[in-house]
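Me: I want to learn how to read helices and strands packed together. Can you take me through one case?

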Amino acid sequence: MILLGIDTSCDDTSAGVVVDGRRALSNVVHSQVEIHHPHGGVVPELASREHIKNIMPVVEEALNRAKVGLRDLDGIAVTIGPGLVGALLVGLYYAKGVSYASGVPLVGVNHLEGHILSIFLEDQVPDFPFVALTVSGGHTNLYYVEDFGQYALLGQTLDDAAGEAFDKVAKISGLGYPGGVAIERVARQGRGDRIRFPRAYLGKGSLDFSFSGLKTAVSLFMKNWEDHPDDVTLADIGASFQESVVDVLVDKAVLALRQKGAAALVLGGGVACNQSLIERMKARAVEEGARLYTPRPEYCTDNGAMIAVAGYHR
């Protein structure tokens, strides 16, 4: 069964072709980083306009790389949310048009389900049930995954997502966009224990997240630091901020493993590319007698292939 997956939920125009929800024949992503870099974050109107320009060539390239045509498709899957409304509409109406013209069935997919199931594009996959942490610029959620299509929300961010916090801290620090990559790069030269930024655990046993207070703490520190830099470097600030985020993400994920008695943890979403997070999460999972599963970077960030996987099971 061959599916075309389309995702325009944020600032990446992406399309991928997947067979039987397991094997990717293609995965094409057109990034808009250069467009949004001067603004320090995604500008929704600019993102929508870029999607309109890029959606057709991206889908055509995905089909060409997979060496299939519309007649070979058994279905089209497209992201219907969550995401930026204007951006989502571009992918949705393009997919509707292709489906109507070709007669290929269309299915709408939740973007977060795509992140959860992206691990099934890898050779090594977890057994059900497992705990999944989806962490990106727009979302930080914990799920208990009992089977395909069976997801129980365990916890979510109450304000800023982890990736959003990375972007905002990078912006106020003058490190540029995208923030996750910029902070991870500078943090390698800094000390994560140099500044004790706050960790929001929100009460005993809570699996929810909050990063707005951490973002504010870094902003206040930066204002004082600029007047009295002493011996603290920008790399120390970046490393200490990253350490604070990683601590909370790892501790909450491990708590979810304990509460559900799960033997596997899946880490997905753009922030899952962070090597410090992966290393810490893997070590703690092993201590808990569990195994960590993480998709390769191209399947962690927004992509059409993961949408095709979710669409296959839908």
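Reply: Start with angles: they run from 0 to 180 degrees between N-to-C directions. One caution: this is a predicted model.

Me: At what angle does helix H3 run to S4, and which strands does H3 lie across?

Reply: H3 (residues 85-102) runs at about 155 degrees to S4. It lies across strand S1 (2-7), S4 and S5. Helix H11 (residues 304-313) lies across S1, strand S2 (13-19), S3, S4 and S5. Its angle to S1 is about 125 degrees.

Me: In what order do the strands of the open sheet come?

Reply: General idea: strands of a sheet pair through backbone hydrogen bonds, either parallel or antiparallel. Here five strands run in the order S3-S2-S1-S4-S5, with mixed pairing. Strand S3 (23-30) and strand S5 (106-110) are the edges, each pairing on one side only. From one strand to the next, the twist averages 20 degrees.

Me: In which sense do S4 and S5 pair, parallel or antiparallel?

Reply: Parallel, over five bridges, with S4 covering residues 75-81. Ile76 stands opposite Leu106 in S5.

Me: Now two helices. How do H5 and H6 pack?

Reply: Angles of 65 to 115 degrees count as roughly perpendicular. Helix H5 (residues 162-172) and helix H6 (residues 179-187) pack at about 65 degrees, axes 7 Å apart. So H5 is roughly perpendicular to H6. The crossing of H5 past H6 is left-handed.

Me: Which residues make the contact?

Reply: H5 brings Phe166, Asp167, Val169 and Ala170; H6 brings Gly179, Gly180 and Ile183. By class, the contact of H5 with H6 has four nonpolar, two polar and one charged residues.

Terms used: Residues numbered from 1 in each chain as written. Predicted model: local features only at pLDDT ≥ 70, side-chain atom pairs only at ≥ 80, totals over all residues. Heavy atoms only, no water. Helix = DSSP H or I, 4+ residues; strand = E, 2+ residues; numbered from the N terminus. Parallel < 35°, antiparallel > 145°, perpendicular 65-115°, else oblique. Left-handed = near helix turned anticlockwise from the far one by under 90°. Contact = heavy atoms within 4.5 Å. Nonpolar A, V, L, I, M, F, W, Y, C, P; charged D, E, K, R; others polar. Pairing = 2+ DSSP bridges.
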